[in-house]
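Here are a few exercises to work through with the structure open in your viewer. Try each task before you read its solution.

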Amino acid sequence: MRLAYAGTREALLQDFVRFARAKGLSRTRIVFVHVLKTIMIPVVTVIGLELGSMIAFAVVTETVFAWPGMGKLLIESIYRLDRPVIVAYLIIVVGMFVIINLAVDLIYTLLDPRVRLTEKEA
């Protein structure tokens, strides 16, 4: 929330917002079309990082509170030296990280027209 608020305050001072106001666009349109696209790039980045942290620290939470789950399974497998379960857990977590990062990159292409997946011809 603080990141979005700070980004909005900063974006409202930019030249493109001033030009949009000079064109006579409504404040709602300026905020939801022009400013929101600008501030969403760092917000999406932070959300992706936080999702990764949440997955990584689920092990700690499940162990501390003795909740049954993947994290507790990992800790018990480490104690028992159950290598296949440890490797499977790591592959699943790495896969989730890759999918989250792919989703963040795809959202970037929707938000910022300068970031495109196709190459420009010379």
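**Exercise 1. Find the loop that holds L25, and work out how exposed L25 is and what it touches.**

Solution. 
- Step 1: Go to the stretch between helix α2 (15–23) and helix α3 (27–56); L25 sits in that loop. Keep in mind that you're looking at a predicted model.
- Step 2: Check the accessibility. L25 has a relative accessible area of 25%. Buried would need under 20% and exposed over 50%, so L25 comes out as partly exposed.
- Step 3: Look for contacts, skipping residues up to four places away in sequence. That leaves A20, I30 and H34 as the residues L25 touches.
- Step 4: From L25 to T38 you move 13 residues in sequence, and the C-alpha atoms are 17 Å apart in space.

**Exercise 2. Which residues of helix α5 are buried, and how are they arranged around its axis?**

Solution. 
- Step 1: Select residues 70–80, which make up α5, and pick out the buried ones: G71, L74 and S77.
- Step 2: Look down the axis of α5. The buried residues fall within an arc of 125°, so they line one face of the helix.
- Step 3: Recall the helix geometry. With 3.6 residues a turn, an α-helix makes residues three or four places apart point the same way.
- Step 4: Turn to the other side of α5, where Y79 and R80 are exposed.
- Step 5: Ask what the buried side packs against. The partners of the buried residues of α5 are α4 (58–65) and α6 (83–111).

**Exercise 3. Take S77 by itself: is it buried or exposed, and which residues does it touch?**

Solution. 
- Step 1: Read off its relative accessibility, which is 0%, so S77 counts as buried.
- Step 2: List its contacts, again leaving out residues up to four places away in sequence. S77 touches D82, V85 and I86.
- Step 3: S77 and Y89 are 12 residues apart in sequence and 9.9 Å apart in space.

**Exercise 4. Where do A66 and L81 lie, and what are their phi values?**

Solution. 
- Step 1: Start with A66. You'll find A66 in the loop between α4 and α5, and its phi is positive, about 55°, although A66 is not a glycine.
- Step 2: Check how open A66 is. At a relative accessible area of 48%, A66 is partly exposed.
- Step 3: Move to the loop between α5 and α6, where L81 lies. L81 follows α5, and L81 also isn't a glycine, yet has a positive phi of about 55°.
- Step 4: Do the accessibility check for L81. Its relative accessible area is 56%, so L81 is exposed.

**Exercise 5. How far apart are the C-alpha atoms of I107 and R80?**

Solution. 
- Step 1: Find I107 in helix α6. I107 counts as partly exposed, at 34% relative accessibility.
- Step 2: Go 27 residues along the chain to R80 and take the C-alpha separation, which is 41 Å.

**Exercise 6. Zoom out: what is the overall fold pattern, and how spread out is the protein?**

Solution. 
- Step 1: Count the secondary structure elements: 6 helices and 0 strands. Along the sequence that reads α-α-α-α-α-α.
- Step 2: Compare the radius of gyration with the globule rule. The protein has 21 Å, well over the 14 Å that the rule gives for 122 residues, so it is more spread out than a compact globule.
- Step 3: Get the dimensions. The C-alpha trace spans about 70 × 45 × 15 Å along its principal axes.
- Step 4: Buried residues make up 21% of the 122 residues. Of the contacts with a separation of 6 or more, 47% come from residues 24 or more positions apart.
- Step 5: Finish with the surface and the charges. The accessible surface is about 9500 Å², with 69% belonging to carbon and sulfur atoms. There are 14 positive and 10 negative side chains, and the centres of the two sets are 11 Å apart.

Definitions and conventions
Residues numbered from 1 in each chain as written. Predicted model: local features only at pLDDT ≥ 70, side-chain atom pairs only at ≥ 80, totals over all residues. Heavy atoms only, no water. Helix = DSSP H or I, 4+ residues; strand = E, 2+ residues; numbered from the N terminus. Rg over C-alpha atoms; globule rule 2.2 N^0.38 Å. Buried < 20%, exposed > 50% of the residue type's maximum accessible area, 1.4 Å probe, protein only. Contact = heavy atoms within 4.5 Å. Areas by Shrake-Rupley, 256 points an atom, 1.4 Å probe, with all protein chains shown as cover. Lys, Arg positive; Asp, Glu negative; His and termini not counted. Charge placed at Lys NZ, Arg CZ, Asp CG, Glu CD. Arc of directions from axis to C-beta.
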